[in-house]
Structure formats: structure tokens, C-alpha cells
Amino acid sequence: MADSDPNELSVYDFIFNDFLTQQKGEQLVSSSMFNKIFIMGNRVPKELIDQIADNPQKIEDMLTANIPLFQTSISKRYWVTQNRGFDKVNVDIYGAICLADDRHLLDCLIAHGNIINGADKYTLRQVAEGCGLQDVAWEFTDLNYIDKPMLNRGIYFHISVKDLFKALGLKAAKKNRETILKRLRRLSIMKLVLSPVSGETVLTQGKTGFSFVDEKFFSLLDKSKIRNGIFSSDTYTDLIVNVSGYYVQSLKKDGAISRKRLKNHYVNLVGKNCIEDFYKSLEEHKREFLHGRELSFFINLYIDNKMSLFGINRNHKYKQIMQQIAESEQKLINHFNMTLEPIIDHKNKIKDYKLIYLGRMSNQ
């Protein structure tokens, strides 16, 4: 039997999303553990910038990673019942603070993307071929990486920008291509250092650090996908991103939304003010738990769970979410099989809503 060609691509290493959805549609792709650290708002908070702007020593310490940008802790009630050996995780955040929009990009990348197994066996050029790219403009890519073996850590995902735009509810525009790259850079720059805590004891042996995605991600231009043949050096049609293996593994125990559900429903749940981030917070609860409880309870729970509001007016954010959910009640019906029952005050005005569960949907 002849030896196999080391340059030959294995079809088993390139797992396309349609197959993933069919075979692993129930696999969890969105984290319920790390939602706390993705802050509300669509830009880096001014309050955080102001806190360090007038302190040169603090800026230097943060840039050299001597001190974190922010510290918080994460706890889940089920950790104790699952006997994980800890009941809380302290989190030190270095490099950048990420936004709810960044989180949704990461979720969509995992849910809608193709997986590349054993990527370290291949070069970037071979990976592009295996992902079906036909005519890559390599002149726009860092020459040092084209024929260099891929990293042997993390999990590589490939996604076309067309599919990603659809998932994120964005139009195919240059500005939005730039926005996606900014979100990926924040995800790559932010480093989390996790320290599990049992009681009052910090378990140093369980300490770990990671970034959601590797700093070297690739935006590639497949010229065969450009209909009018007009492009520039900043045009790209596909992304190849290395996602932290630690993060992907954590989804098995601390995930809340399946691949099938995120693909089927969240393309229609995205909206202004990152409202999809609130919808994701509802996914952490069984529908039977949501049933009959006030919408205000879950909005407050969502806001309280964020590590900081960073200067956002709480009352304004509360009213904003309440209004958006009420105005989009049909989305609750279509995607959660829930409706709203108005709660009327003594002045005959709506002061709140009860969430009413209508029964299980077949495609949840």
C-alpha cells in the first residue's frame, strides 16, 4: 500500500456547517458562563477611558499587563450541585473590554462556521483550498503565513462574510467589514485570567488564562466571489479564525443555546441596542420558570448580571429594553413561543408584563 501524500487534503478535516447542523445541531455554541463580561453598549465605555486617562502610571501598568483593566467574579448555582470543586471564579481582564456585539460575533462564528480539524497539518493556502476558496488574492495576505503550518492549538473556524453578515443582520458594506475586524481584534486582545475559588480559598492550581480568539486571524479575498471584479486590498470574502479550545470545551458544561437554535432563531432576534443579548439571558432559564413571572424581573436580572454598567444610565437601559421587547412581542411568540400579558396599575396604565409560555416549540 502506497504512503499517503502529506500534502493531500483530507475531506474529514473540513467539516461544513450543513453537516454540523444536521449531526450536531444540539451542540451548545453560546456561553452562559461568560455573558457577564460582555458589556452593554456598542462602543468602549467612556467611563473606563476617563478612569485611566489622567493616570500615566496606570496606563503603563495596564499596557504591560501588570494590572488588569477590570476584575470581577462569576458564580453559578449549579456549580455546587455538580460538585465541580469550586463555587466561584475570579476573573482578571487584561488588554481590552469586549462588548455584547463582540459576543454575538463569536457565537455566530461557532454556530454558522465550518470547522477545520487537524489544521496544523496544513498551511493557510491548503486550508483555503479545503474550505472551497477558488481564487484567493494572496498578494493581500501576510506572506509569512501563506505557506506556514497553522497553529496546533485551538479550533479553526471558516465562515464566508456573506453568511456572517446574514447571521449578524448586517448589510454587505465596507463599513461593516471593518466593524467585524474590530470586533475580532477586541476578542483577540482581551485576555482572561480565571482563578477558581472554593469558599474563601483561591485554588491556584486551577488558574488558567486565555483569549477568545487567537491574535492571528485571516481575512481572505476569494476573487471568484466578487461579481463585478472590483476590489481593493481591504476587501475580503472569507474569515479563518482560531477560537480558544478552552472556550469551546467550556460550552459543553456552561453553554445555553444550541447551534440549531441560534441559526434558526437569532438571525431574526438581532436588533438595535444589542437586544439579542437580553434574549440570550432568557435562554438560561426553562420556559416553565419564565412563565408567569414579570418581564421587569428578568430585565433587572440581566442588568444586575453585567460586571459593570460603565456609566450607562440604568433606568434608561431598563426602559429601553422593556419598550423594545413590548414593541417586538411577535418575536417572543415566533422564537420563544411566549407572549406578554399586560399588568395594569391603578391609573389604568401598563406598568409591567407577565411572560406567558404557550407550550413547547418543535424546533427549539
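The following legends describe close-up views of a predicted model.

This predicted model is read with local features at pLDDT of at least 70 and side-chain atom pairs only at pLDDT 80 or more, whereas totals for chains, interfaces and linings use all residues. Residues are numbered from 1 along each chain as its sequence is written, and side-chain values use heavy atoms, with hydrogens and water left out.

View A. His-158 is located in strand S6, residues 155–160; helices (H or I, at least four residues) and strands (E, at least two) are DSSP runs numbered from the N terminus. With a relative accessible area of 4%, His-158 is buried; buried means under 20% relative accessible area, exposed over 50%, and partly exposed in between, with a 1.4 Å probe and protein chains only. Its side chain makes a polar contact of 2.8 Å with the side chain of Asp-238. A polar contact is a pair of N or O atoms within 3.5 Å; within protein, one must be able to donate a hydrogen and the other to accept it, and residues adjacent in sequence count only if both atoms are side-chain atoms. Leaving aside residues up to four places away in sequence, His-158 touches Gly-113, Asn-114, Ile-116, Cys-131, Leu-133, Asp-238, Leu-239 and Ile-240, where contact means heavy atoms within 4.5 Å.

**View B. The salt bridge between Lys-260 and Glu-26.** The whole structure holds 18 salt bridges, each defined as a side-chain nitrogen of Lys or Arg within 4 Å of a carboxyl oxygen of Asp or Glu. In one of them, the closest N and O atoms of Lys-260 and Glu-26 are 3.7 Å apart. The pair links distant parts of the chain, 234 residues apart: Lys-260 lies in helix H11 (residues 259–265), and Glu-26 in the loop between helix H1 (17–23) and strand S2 (28–31). Lys-260 is partly exposed at 31% relative accessibility, while Glu-26 is exposed at 52%.

**View C. The salt bridge between Arg-183 and Asp-101.** The side chains of Arg-183 and Asp-101 form a salt bridge with an N to O distance of 3.7 Å. Arg-183 belongs to helix H9 (residues 174–189) and Asp-101 to helix H5 (residues 100–112), which places the partners 82 residues apart. Both Arg-183 and Asp-101 are buried.

View D. Lys-306 and Asp-277 meet through their side chains in a salt bridge of 2.8 Å, N to O. Lys-306 lies in the loop between helix H14 (295–305) and helix H15 (314–327) and Asp-277 in helix H12 (residues 275–282), so the pair ties together parts 29 residues apart in sequence. Lys-306 is buried at 7% relative accessible area, and Asp-277 is buried at 2%. A network of salt bridges links Arg-103, Asp-107, Asp-277, Lys-280 and Lys-306.

**View E. Packing of helix H12 against helix H15.** H12 and H15 pack at an angle of about 80°, their axes being 11 Å apart; axes are lines fitted to C-alpha atoms, for helices over the stretch in contact, and angles run from 0 to 180 degrees between N-to-C directions. H12 is therefore roughly perpendicular to H15, a class that covers 65 to 115 degrees. Ile-275, Phe-278 and Tyr-279 of H12 meet Ile-321, Gln-324 and Ile-325 of H15. Eight of the eight residues in H12 are buried.

Notes. Angles under 35 degrees count as roughly parallel, over 145 as roughly antiparallel, 65 to 115 as roughly perpendicular and the rest as oblique.
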